[in-house]
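Subject: Handing over a structure

Hello,

Please take over this structure from me. The sequence and model come first, and my notes follow.

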Amino acid sequence: MQYKISTKKITDTDSDCTILAVFNDAESGLAMAGKAASAFDKELGGQLEELLIQGDYTGKLGDTHLVPVFTDSAPQRLLLVGCGDKKSFTEAGLRTATEAAVKALKKTTSVEVVNSLTLETIKGGKAYNIARAVSETTEAALYHYVSTLSKKSAAETSLEQMTILIANAKSALEAKKGAKHGEAIGGGVNLSRELGNLPGNYCTPTFLEETAKKMAKDHAKLSVKVLQEKDMEKLGMGALLSVSKGSREPAKMIIFTYSGGNKSQKPHVLVGKGLTFDAGGISIKPSAKMDEMKYDMCGGASVFGTIQAAVEMNLKLNIIGIVPASENLPDGAANKPGDVVTNMEGITIEILNTDAEGRLILCDALSYAKRFEPETILDMATLTGACVVALGAHHSAVLSKDDSLIKEIMKAGETAHDKAWPLPLTPEYHSQLSTNFADVANVGGRAAGTITAASFLSMFTEGMRWAHLDIAGSAWKEGAAKGSTGRPVPLLCQYLLNLKK
Ligand code: BES
Ligand code: MN
Ligand code: ZN
């Protein structure tokens, strides 16, 4: 989709469909035209007003009504979009309304559309945020998973261009930047969703390697290096390799280098768990919902999506993305409960549960990340079922020993509509990981499972400015809308955008 910013009057625009806001009128209970819709109605000789009085339409947030128009001077159709209560129309409302509008437009043959929702009064809405909200949610609404369907028609759309109307000509540049960033972030979210949704027999560690290499091909500032199992052996990555031993798919460690800053700037490192399928290993998982463990690479997918967005936003930062990728399966060669393995820093780990494999592959990736002397390290992982119990789907969990980093991450999440909430990472919890047979055990019992997992990881980030995001509850949706959410790509992009200032 191409986005244009325009400061034209709505009555001077041309389109195949113009998107107009209607609000709830508390008094009459009917829908009432927004500012831009009213202005436009003059062109229609008041037809819209009449239609609304008939009472067929609602202004409920996210409701859409396609209205054909038979006047020569106007577009062939209007899309009325419910925006809720006029006084409390916010950026979040704009996102919901835009998403609904685009989903409705996908079913039409419209090619060029005009979005006038952005002309309404939006609480606290700056031009940059408004334009970004529109392009970001439009990209998200256009995504449709079809890769393994024989008929790909669901992904087809005639939509090519959206003109975003803004009232103030002085903010046009800011709005342009917002639209560009939103498109980049939305694209990153969609890449992350696609990788997450692909089944385990398609999206293998080797497939991730190929995808990463393709990404780097077209961009001068992006390069990719992939560590193969023999490279990892040389580096002594015994924890990671112990997980992939039980699988026929070779493990990969994908390393993106994005050089957008100058050479002297220390990089920010993003590490994402890339378990392309997690059956649990010998500590095998129950069958119910095991298919969802194809999503166990969503942390890694968020690194792919964020790197792609950073490239497209041309961020003036140096960023390293690391994705350790493996399967976790039961097999004669697989880890056994009680096995002791050695991480690349020499730390020995007793594997009491082979299903706590994420931390095993992450610990070698985190140890490896140190060589980049990073400014910060963030890791993202669908690490614990306990996190789903604690926070559900609304917040990702954030754990760190650095309170200021937690604040930065929470703030980024708020701004990007992709929220995170902290859990304590105080030293008491670490004793749950004690064992007589190694430096540390890979599990710490049922209590505080998300925290003990993070505490395990903290051993491999000593002295680093590091935070861990557990995205087990936020990375994908179940039920009718089953699919990857692409989270926390928006949070990560915002975190990086905030750093730049
Ligand atoms: N990938 C899972 C965590 C998970 C489970 C995420 C369900 C989302 C939904 C992880 O590898 C795992 O199996 N963790 C174990 C850890 C336990 C053995 C300490 C878990 O949460 O049960
Ligand atoms: Mn597991
Ligand atoms: Zn896992």
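Predicted model: local features only at pLDDT ≥ 70, side-chain atom pairs only at ≥ 80, totals over all residues.

Let me begin with one residue in a helix. Met-215 sits in helix α6, which covers residues 205-217.

Is Met-215 buried or exposed? Met-215 has a relative accessible area of 11%, so it counts as buried. Its contacts beyond four places in sequence are Leu-191, Leu-222, Phe-256, Phe-304, Ile-307 and Gln-308. Take Gln-308 from that list. Along the chain, Met-215 and Gln-308 are 93 residues apart. In space, their C-alpha atoms are 7.6 Å apart.

Next, a helix to look at as a whole. Helix α5 spans residues 172-197, 26 residues in total. From first C-alpha to last, α5 reaches 37 Å. That is close to the 38 Å expected at 1.5 Å a residue. Of the 26 residues of α5, 19 are buried, so the rest of the structure largely encloses this helix.

The metal sites

The manganese ion (ligand 2) and the zinc ion (ligand 3) lie 3.2 Å apart. Which residue coordinates both? Asp-278 does.

Manganese first. The manganese ion (ligand 2) is coordinated by Asp-278 (OD), Asp-355 (O), Asp-355 (OD) and Glu-357 (OE). The distances run from 2.0 to 2.2 Å. Along the sequence, the donor residues of the manganese ion (ligand 2) follow the spacing D-x76-D-x1-E. The site has 6 donor atoms, with angles of 69 to 166° among them, and is irregular.

Now zinc. The zinc ion (ligand 3) is coordinated by Lys-273 (NZ), Asp-278 (OD), Asp-296 (OD) and Glu-357 (OE), at 2.0 to 2.4 Å. The spacing of the zinc donors along the chain is K-x4-D-x17-D-x60-E. What is the arrangement of the 6 donor atoms around the zinc ion (ligand 3)? Their angles are 77 to 176°, which makes the arrangement octahedral. For reference, ideal angles for six octahedral donors are 90 or 180 degrees.

Glu-357 is at 1% and is buried. Asp-355, at 21%, counts as partly exposed. The cut-off for buried is under 20%.

Strand β16 covers residues 396-400. How many of its 5 residues are buried? The count is 5 of the 5, so β16 is largely enclosed by the rest of the structure. Both faces are covered. Ser-396, Val-398 and Ser-400 are buried on one side. Ala-397 and Leu-399 are buried on the other.

β16 is joined to strand β17 (residues 420-422) by 3 bridges, and the two run parallel. Trp-421 in β17 is the bridge partner of Ala-397. From β16, the chain crosses through helix α12 (residues 403-415) to reach β17. This β-α-β crossover is right-handed.

β16 is also joined to strand β19 (residues 466-470), here by 4 bridges. This pair runs antiparallel.

Ala-454 is in helix α13 (residues 449-458). With a relative accessible area of 0%, Ala-454 is buried. Ala-454 and Leu-399 are 55 residues apart along the chain, yet their C-alpha atoms are separated by 6.8 Å. Beyond its neighbours within four places in sequence, Ala-454 contacts Leu-399, Leu-425, Trp-466 and His-468.

A three-stranded sheet

One more sheet to find. Its 3 strands are in the order β13-β14-β18. The sheet is open, and its pairing is mixed. Which strands stand at the edges? They are β13 (340-342) and β18 (440-441). Each has a single partner strand, so one side of each is left without a neighbour in the sheet. Strand β14 (residues 348-350) is joined to β18 by 2 bridges, and these strands run parallel. Glu-350 has Ala-441 in β18 as its bridge partner.

Over to you.

Best wishes

Methods:
Residues numbered from 1 in each chain as written. Chains lettered and ligands numbered in written order. Heavy atoms only, no water. Buried < 20%, exposed > 50% of the residue type's maximum accessible area, 1.4 Å probe, protein only. Pairing = 2+ DSSP bridges. Right-handed = clockwise from strand over helix to strand, strands pointing away. Donors = N, O, S within 2.8 Å, 3.2 Å for Na, K, Ca; no water. Tetrahedral: all angles 85-135°; square planar, octahedral: opposite > 155°, others 65-115°. Expected span 1.5 Å × (residues − 1). Contact = heavy atoms within 4.5 Å.
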